[in-house]
Amino acid sequence: MMISRFSRAFLFIVVLLFFIGSIALLHPPSRSYVDPWTGNLFGEGGVEKDLRVPPPSNPESVHGGVIMPKLGNATAKAELGRATWKLLHTMTLRYPESPTQDQRDALDNYFHIFSRLYPCGECAGEFQKLLRKYPPQTSSRRAAATWLCFVHNQVNARLHKPEFDCANLDATYDCGCGDEPVGASSPPARAENDPMDLENDLSKDGITGVGMIKGG
C-alpha cells in the first residue's frame, strides 16, 4: 500500500512538471515591464501598448463658442483685422491644388478654432455666424481662396466698406513664395572660417594656400 501511494504521488509530480514545462515552451516568459511614470508597456520591440485609456475626442474644442473677450481699442482692432486678412488670404492662396482629406480637415478645423481664439471677441462672434451660414470650402486652392474672399466681402458689406476685388487676390496678397516644395530650399551659405567645417583647412590662407604663421 505504501509503495502504491508513493508511486501515485511520484507519477503525479512527473506529470505536473511535464505540464508546466510544456506551457513554458509554448508561452515563453515575456520580457516586458510597465513604466510607472508613463503607463506604457515596454518589451524587446519597444513600446507595445499604452495601458492608459485615451481621452475621447471632443468636437467642442473645435466647434465651441468664442473664448476671447471684447476688444475695445478701435486702432488695435483695425490693425489686427488687416494683418489677419493678409494671413488668411495668403494661407488659402498657398493651399494645395488637390488636397488630401487630412489637409481638408486641417483647414476646416483651423477656421473654426480661429473663430474661437481670435483676439477680438465680438469680431469672432460675427465670424462664427458666417461659418455657420457659409461653411469653409476646402476641395481645392481655388475653392478655399474664393470662399474666403466671399466671406471677406460679407464682412465688408456689414461694415459698409468697399467690396474686395476677388479677381486680383494673387496680386494683392502675393508673398513671392511660389510653389516650391517644402525642403527644396537652397542650403544656407557656409560661414567663413567655421571651426566646425572639417573641409576647410584653417592652417592655410584661403586665397594663396600659403601656410599661416602661428604666433609665439
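1. Basis of the note. The structure is a predicted model, and the remarks below should be read as remarks on that model.

2. Salt bridges in total. The model holds four salt bridges. Three of them are discussed individually in the points that follow.

3. Glu97 and Arg141. The side chains of these two residues form a salt bridge, with an N to O distance of 3.4 Å. The pair links distant parts of the chain, the two residues being 44 residues apart. Glu97 is situated in the loop between helix H3 (74-93) and helix H4 (101-117), while Arg141 belongs to helix H6 (residues 141-158). Arg141 has a relative accessibility of 16% and therefore counts as buried, since buried means under 20% relative accessible area.

4. Glu126 and Lys129. A salt bridge joins the side chains of Glu126 and Lys129, at 3.7 Å from N to O. Both residues lie in helix H5 (residues 121-133), and because they are three residues apart there, about one helical turn separates them. Each counts as partly exposed: Glu126 has a relative accessibility of 27%, and Lys129 has one of 48%.

5. Glu126 and Arg158. Glu126 also forms a salt bridge with Arg158, in which the closest N and O atoms are 3.7 Å apart. Here Glu126 is in helix H5 and Arg158 in helix H6, so the contact ties together parts that are 32 residues apart in sequence. Arg158 is partly exposed, at a relative accessible area of 43%.

6. The largest nonpolar core. In soluble globular proteins, nonpolar side chains tend to be buried together. In this model the largest nonpolar core has 24 residues, and Phe111 and Leu169 touch the most other members. H3, H4, H5 and H6 are the elements that give two or more residues to this core. Of these, H6 supplies the largest share, seven residues.

7. Surroundings of Leu169. When residues up to four places away in sequence are not counted, Leu169 touches His89, Leu93, Ala145, Cys149 and Phe164.

8. The largest pocket. The space in the largest pocket is about 590 Å³. Its lining consists of 22 residues, and those nearest the centre are Gly81, Trp85, Tyr118, Val155 and Leu159. The elements that give two or more residues to the lining are H3, H4, H5 and H6. Which element gives the largest share of the lining? It is H3, with seven residues.

9. Composition of the pocket lining. By class, the lining of the largest pocket comprises 11 nonpolar, five polar and six charged residues.

10. Arg116. This residue is found in helix H4. Is Arg116 buried or exposed? Its relative accessible area is 15%, and Arg116 is therefore buried. Leaving aside neighbours within four places in sequence, Arg116 is in contact with Glu60, Ser61, Val62, Gly64, Gly65, Val66, Ile67, Met68 and Gln128.

Terms used
Residues are numbered from 1 along each chain as its sequence is written. This is a predicted model: local features need pLDDT of at least 70, side-chain atom pairs count only at pLDDT 80 or more; totals for chains, interfaces and linings use all residues. Side-chain values use heavy atoms; hydrogens and water are left out. Helices (H or I, at least four residues) and strands (E, at least two) are DSSP runs, numbered from the N terminus. Buried means under 20% relative accessible area, exposed over 50%, partly exposed in between (1.4 Å probe, protein chains only). A nonpolar core is a set of buried Ala, Val, Leu, Ile, Met, Phe, Trp, Tyr and Cys residues joined through side-chain atoms within 4.5 Å. Contact means heavy atoms within 4.5 Å. On a 1 Å grid over the protein atoms alone, a cavity is a set of points where a 1.4 Å probe fits but cannot get out, and a pocket is an open set with protein on both sides within 12 Å along at least five of seven lines; lining residues have an atom within 4 Å of a point. Grid points are joined across faces, edges and corners, and a volume is the space filled by probe spheres set on the points. Ala, Val, Leu, Ile, Met, Phe, Trp, Tyr, Cys and Pro count as nonpolar, Asp, Glu, Lys and Arg as charged, and the others, Gly among them, as polar.
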